[in-house]
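Dear colleague,

Please find the structure below, handed over for your further work. A summary of the findings comes after it.

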Amino acid sequence: MARPIVVGVDGSTPSFQAASWAGQEAALRDAPLRIVHAALRWAYDVPLAPQPPTWGAGAEAAAQEMLHQAAVHAQAGRLRLEVTTEIVDGGAPEALVTAAEEAQLLVVGNRGRGGFAELLLGSVSRYVAARAPCPVAVVRQPHAGERGEIVVGVTGQPGEEPVLDFAFHEATLRRATLRAVHAWKHPATRAPGDIQPLVYDVEGVGEEETRLLAEITAGWREKFPDVTLIEHVVHEHPAKALIEASEDADLVVIGAHSGARALLGLGAVAHAVLHHSRVPVIAVRH
C-alpha cells in the first residue's frame with residue numbers, strides 16, 4: 001500500500017481548502033488520506049497554573065464534527081478515496097511533524113485560525129515546511145480552473161535531485177507541462193573558491209546559464225519522455241521569477257534547506273515563495 005498523505009485541519013477555511021487539495025492529490029497517487037487535528041487534551045490531574053481548559057465531551061464532539069467536514073471536502077467527487085480522521089495530542093506544529101513521519105506528503109493551509117489575517121503564511125505552515133520529514137504542500141486558494149502547468153525552481157547547485165524528481169513525477173501524475181525556472185542575478189559560482197567578476201557580459205552569462213539548465217534537465221528528459229518540459233531562464237531574482245511564474249501555473253515545487261544558509265529554517269527564496277505564490281507550493285527539503 002502506498003504511504004499516506006497527511007493533512008492538518010483546524011476548522012479554518014484555508015485548512016478545509018487544504019483538505020480538498022489533499023484529497024485530489026491522494027486520488028492522483030492512489031494513496032490513503034489521513035486527516036488530523038492537533039489538540040491539547042489535558043489530563044485532569046496535570047498540575048499547571050493557571051489550569052488550562054479541560055477537554056470535555058463538547059470539545060470532543062466539535063473536533064469530530066470538524067474532521068467530518070474536512071473529510072467531506074476531501075472526498076468530494078472521490079468516493080473511492082480511503083480517508084481516516086484522527087485527533088492527535090499536542091501543539092499543532094510538533095504534532096503535524098510527528099504525524100508526517102510515515103507520510104509521503106504533508107499538506108497544510110497557508111494560514112490557520114489563529115494569528116493575524118494579514119499574514120500570508122502562518123507560523124504552523126512555516127514550521128512544518130522547515131522541519132517535516134517529507135515534502136510539505138502549503139495550500140492557498142488555487143485558480144478557478146486548471147492551467148495544466150507545474151513550475152519547478154532549478155538553482156544548478158548540488159543536491160536538488162529530490163526536487164526535480166518530485167516535480168517530474170508530479171507532472172506525470174497530472175499530465176501537466178513542467179516549467180523549469182532558472183533565475184540568475186550575477187555569474188554563479190560553481191565551486192568553492194570561485195570569484196565573481198566585477199564586470200561581465202550579461203548576454204554571454206545568460207547563454208551560459210541556459211546551457212547549464214539544459215545540461216541539468218537532459219537526463220530528466222530521458223527519464224520522463226512523456227513530460228513536456230519548458231526551460232525558462234531569466235535574469236531576475238529567483239523568488240520574484242518563481243512568484244511571477246506561479247500566476248500561470250497550478251503548482252510550484254521548490255527546494256528548501258536548513259542550516260547556516262537558511263532563513264527561518266527554509267532558505268530565503270523558499271520563504272518568499274511560500275509567502276507570495278499565487279498557487280499551492282510544495283517544499284522539498286534537500
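Residues are numbered from 1 along each chain as its sequence is written, and side-chain values use heavy atoms, with hydrogens and water left out.

The protein chain has a mean pLDDT (the predictor's confidence in each residue, from 0 to 100) of 86, and 82% of its residues reach 70 or more. Over residues 115-119 the pLDDT is below 50, and this stretch has three contacts (heavy atoms within 4.5 Å) beyond near neighbours in sequence. Where pLDDT is low, the predicted coordinates should not be read in detail.

Helices are DSSP runs of H or I with at least four residues, and strands are runs of E with at least two, numbered from the N terminus. The axes (lines fitted to C-alpha atoms, for helices over the stretch in contact, with angles from 0 to 180 degrees between N-to-C directions) of H7 (residues 238-246) and H8 (residues 268-276) come within 9 Å and cross at roughly 30°. H7 is therefore roughly parallel to H8 (angles under 35 degrees). Pro238, Ala239, Leu242 and Ile243 in H7 meet Val269, Ala272, Val273 and His276 in H8.

The whole structure holds twelve salt bridges (a side-chain nitrogen of Lys or Arg within 4 Å of a carboxyl oxygen of Asp or Glu). One of them joins aspartate 248 to arginine 147, at 3.9 Å from N to O.

Conventions
This is a predicted model: local features need pLDDT of at least 70, side-chain atom pairs count only at pLDDT 80 or more; totals for chains, interfaces and linings use all residues. Angles under 35 degrees count as roughly parallel, over 145 as roughly antiparallel, 65 to 115 as roughly perpendicular and the rest as oblique.
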